[in-house]
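Please open your viewer and get your selection tool ready.

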Amino acid sequence: MKRNFVDKFVSFVNPAAGLSRLKARAQMTVAERHLSEFEEAERRRYDAASKSRLNNEWFSGEVSVNTEILSALAMLRNRSRDLCRNNGYAIQGVRMIKNNVVGTGIIPTPRAEGISKSQLKKLKTAWEDWASVTECDFDGMSTFYGIQSLVMKTVVESGECIIRRVYGNSKQEIPLKLQILEGDFIDGSKHDGTWQSDDTMLFYGIKIHRDGTRLGYWIYKSHPNEFGLDSEFVPAKDIVHVYEVERPGQIRGVPFSSSVMGKLKDLGDFEYAELVRMKIAASFSVFITEDAINDGSPAASPNKDRLTKIQPGMIAHLTPGQQIQTAQPPNVEGGEGFVKNNLRSVSAGFGTSYEGLTNDYSNVNFSSGRMGRMEFQGQVEHLQYNLMIPRFCNKIFPWFLEACRLKGIISFEGKVRVSWTAPRKQMIDPYKEIQAIKEKLRAGLASWTDVVKEFGYVPDELLEEIKNDKEMWDKLGLAPTIDPRFDSNRPLEKPDQLMEEDQK
């Protein structure tokens, strides 16, 4: 920083005043540099964060995820259910996700660790006996795979689902039932919002420890709008809470259609208005006006001569002074484009394809259909392997194992691991895709087990069926071309000889 003549003169005459001027000038230099940096930052800012005239009505609250959700959850849930009752596209979005994620069921394959093969076989039999009948359902309505479907539908439609473990008695083969509850059953009035001396807090019906673990839930004994508001505390070990986590620390879930509810409502209103317009056009509304007669008084027509209804083939004579004018309802331009644009937004909000949501395949070719299917399949796999399997299936199976141990089906010391097989993917071009899978296997890019799971089969069960088929063909002396032991290009004049060679 250079000193001018005045600064030097003041410093010579009065050193203290000169020092003060020097400090003030140094501070001014720093302030000017910061101002320059601020102006540069303003030029490089995020347009979405600017407070310009175009964004002055953009309100974005700075609140936590739970404050944001809990203040709107009841309204979002009720409106989502209303749309699913009255809007075909809303319920189609829910069904499309449910059917593709769960389908006929996500099937377990238990593997033994520390238990005998005989115990593992008993465990698999016990699972089939428990999961394939409605006895596993507290309400007695669904099998275990039906419960999966109901849970997924509830999560998509209402945002979350509660599964409560209900203990059975010693007379039951498997003393375990699953009670499916909607998010309405959480008693949000149980709330203090402050940490207690035992490092716990009640947060809108959920008891939380300071380390982040959930200790339990206050659950209504019946739906709060039916038989009162009595609730009871249920330990977390008996509750499975399923919902899509979209932000860290989120404790409740929101419906999948939250971002597009307004568009669904507008679309329903538009279609209703169009229906009314077409009804008016079909009704061919007629207005009859009466002109004044020669003496200046209005024309008078007896009631019996008034024209009140037009019928097909009718010939009517009007009284003197009457004229007929027809009403033409206004035309709405761009209605089809409005509907399609809204439905594209709705499908994006649900994470589905436009064609699947609307069943409109008029502008789809093979490539675009395949791309849309692949994109939707990514959403399906995310919900399968990041939601349903870890948040539901892997939490229910330990309950089943505990019930089996209590019944003596497996020992308490043994461990059991389980893998889950999701429903098979639908192929767009089966022949080409199967050929590609065969080449993938030959190149060592996938295992046979993984490929079998992709087709929705349980590897152990499929191997057992292949073995049984082989034994049946050998017993009958058959060598069908579908048997992988035989080359379909070789002449099969002596099947017995070929089987002997295969056995060697």
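Here is a short tour, starting with the whole chain and then moving to single elements and residues.

**The whole chain**

Keep in mind that this is a predicted model. Colour it by secondary structure first: the chain has 15 helices and 11 strands. Of its 504 residues, 33% are buried. The chain exposes about 32,200 Å², and carbon and sulfur atoms supply 53% of that area.

**The largest nonpolar core**

Next, select Trp130, Phe144, Val151, Met152, Ile163, Phe392 and Phe400. In the largest nonpolar core, which has 59 residues, these touch the most other members. As background, nonpolar side chains in soluble globular proteins tend to be buried together.

Which residues surround phenylalanine 144, if its neighbours within four places in sequence are left aside? Show its contacts and you will find Trp127, Trp130, Ala131, Cys136, Leu178, Phe392, Ile396 and Trp420.

**Strands S2, S3 and S8**

Now select strand S2, residues 160–167. Six of its eight residues are buried, so S2 is largely enclosed by the rest of the structure. On one pairing, S2 meets S8 in the antiparallel sense over five bridges. On another, seven bridges join S2 to strand S3, residues 176–182, and these two also run antiparallel.

Zoom in on isoleucine 163. Its bridge partner in S8 is valine 240, while in S3 its partner is isoleucine 180. Step back to isoleucine 162, and the partner in S8 is histidine 241.

Move on to S8 itself, residues 239–243. Is this strand enclosed or open? Five of its five residues are buried, so S8 is largely enclosed by the rest of the structure. In a regular strand, side chains alternate between the two faces of the sheet. Show the side chains here: Ile239, His241 and Tyr243 point one way, Val240 and Val242 point the other way, and all are buried.

**A loop residue**

Select serine 353, in the loop between helix H9 (335–350) and helix H10 (354–358). Is serine 353 buried or exposed? Its relative accessible area is 15%, and because the cut-off for buried is under 20%, serine 353 counts as buried. Setting aside its neighbours within four places in sequence, you will find serine 353 in contact with Met96, Ser347, Gly372 and Phe376.

Valine 276 lies in helix H8, residues 261–283, and is partly exposed, with a relative accessible area of 33%.

For the last stop, go to leucine 22 in helix H2, residues 15–43. Leucine 22 is partly exposed too, with a relative accessible area of 35%. Draw a distance from its C-alpha atom to that of lysine 8: these residues are 14 apart along the chain, and the atoms are separated by 10.0 Å.

Conventions
Residues are numbered from 1 along each chain as its sequence is written. This is a predicted model: local features need pLDDT of at least 70, side-chain atom pairs count only at pLDDT 80 or more; totals for chains, interfaces and linings use all residues. Side-chain values use heavy atoms; hydrogens and water are left out. Helices (H or I, at least four residues) and strands (E, at least two) are DSSP runs, numbered from the N terminus. Buried means under 20% relative accessible area, exposed over 50%, partly exposed in between (1.4 Å probe, protein chains only). Accessible areas come from the Shrake-Rupley method with a 1.4 Å probe; for residues, only the protein chains shown count as cover. A nonpolar core is a set of buried Ala, Val, Leu, Ile, Met, Phe, Trp, Tyr and Cys residues joined through side-chain atoms within 4.5 Å. Contact means heavy atoms within 4.5 Å. Two strands pair if DSSP finds at least two bridges between them.
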